[in-house]
Amino acid sequence: MESVRAAFRDECERLERVLHGLDDPALDRPTPCPPWRVRDLLAHVRTGAGRLVTMLAGPAPPRPEVTASDYFGAAKFSPAVDRERVDGARAAARDHPGAVEVAREFGRAWRATDAAVAAEPPGRVVRTRHGDAMALTEFLRTRVVEVAVHGLDLADALDRRPWTTPAAAAVVLDVLTAGRPVPGALGWDASTALRKATGRLPLTGAEQAALAAAGIRRLAFGG
């Protein structure tokens with residue numbers, strides 16, 4: 001838990017520093033996640049980063065049933081769920097129209113999650129909005145995935161170099177590969193590995209074969 005919590009905290013701190021340097025026009029830039037603009041994608045990330053506060057206020061399921069790798073299954077990206085995700089983020093973005101507000105609210109959301117996690121005992125189980133029962137540590141790993149991978153999308157939208165922390169990249173790759181190491185022969189750096197594993201860069205036939213031989217499948221991860 002402590003290593004995952006540190007990765008979540010460090011990745012959120014980096015994103016928050018980026019947000020404090022934005023001006024209002026930057027929020028209306030298009031992103032690689034259409035139809036979202038930067039403000040919509042940030043609303044989605046803010047909601048995801050703060051989701052654990054509500055989850056931890058609810059009753060704990062008796063046992064975990066889903067891992068972080070299982071969580072990003074195809075059902076999470078069905079047309080109906082995607083529409084809810086897209087429309088919800090666009091509606092949430094209207095609540096905080098300025099860059100200063102966006103940065104402040106993201107900082108508030110992730111710090112509230114960090115404090116709520118710190119107050120929980122080891123082995124706490126939570127129930128997600130999709131009905132999954134997960135160990136708290138496993139769900140927090142999905143939050144690292146959300147913040148880090150969408151951080152790549154935001155970096156592209158803002159014409160910035162990716163700011164992904166090494167700790168977050170390690171957590172994300174472990175989730176995306178279900179703990180299997182990425183074949184060293186591919187020669188990918190962390191950013192390339194994350195983009196390839198989430199469909200943000202195409203895989204060549206040789207890369208697909210190397211991943212399949214290593215037992216790695218791409219997850220149905222998009223938003």
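**Overall build**

Keep in mind that this is a predicted model. The chain has 9 helices and 2 strands. Reading from the N terminus, the order is α-α-α-α-α-β-β-α-α-α-α. The radius of gyration is 17 Å, close to the 17 Å that the globule rule gives for 223 residues, so the chain is as compact as a globular protein of that length. Laid along the principal axes, the C-alpha atoms take up a box of roughly 45 × 45 × 35 Å. As for burial, 50% of the 223 residues count as buried. If you take the contacts with a separation of 6 or more, 75% of them come from residues 24 or more positions apart.

**How H6 meets H7**

Two packed helices are described by the angle between their axes and the distance between the axes. For H6 and H7, that angle is about 115°, and the axes are 9 Å apart. That makes H6 roughly perpendicular to H7, and their crossing is left-handed. Here is who touches whom:

| Helix | Residues in the contact |
|---|---|
| H6 | Arg 141, Val 144, Val 145, Ala 148, Val 149 |
| H7 | Ala 168, Val 171, Val 172, Asp 174, Val 175 |

Sorted by class, this contact has 8 nonpolar residues, 2 charged ones and no polar ones.

**H8 and its cover**

Further along, helix H8 spans residues 190-197, and its buried residues are Ala 193, Leu 194, Arg 195, Lys 196 and Ala 197. Two charged side chains, Arg 195 and Lys 196, are thus on the buried list. What covers them? The cover over the buried residues of H8 includes H6, H7 and helix H9 (205-213). After H8 comes Gly 199, which has a positive phi, near 80°.

Setting aside neighbours within four places in sequence, Asp 28 is in contact with Arg 37 and Arg 39. Asp 40 is 12 residues away from Asp 28 along the chain, and their C-alpha atoms are separated by 8.7 Å.

Key
Residues are numbered from 1 along each chain as its sequence is written. This is a predicted model: local features need pLDDT of at least 70, side-chain atom pairs count only at pLDDT 80 or more; totals for chains, interfaces and linings use all residues. Side-chain values use heavy atoms; hydrogens and water are left out. Axes are lines fitted to C-alpha atoms, for helices over the stretch in contact, and angles run from 0 to 180 degrees between N-to-C directions. Helices (H or I, at least four residues) and strands (E, at least two) are DSSP runs, numbered from the N terminus. Angles under 35 degrees count as roughly parallel, over 145 as roughly antiparallel, 65 to 115 as roughly perpendicular and the rest as oblique. A crossing is left-handed if the near helix is turned anticlockwise from the far one by less than a right angle, and right-handed if clockwise. Contact means heavy atoms within 4.5 Å. The radius of gyration is taken over C-alpha atoms; the globule rule is 2.2 Å times the number of residues to the power 0.38. Buried means under 20% relative accessible area, exposed over 50%, partly exposed in between (1.4 Å probe, protein chains only).
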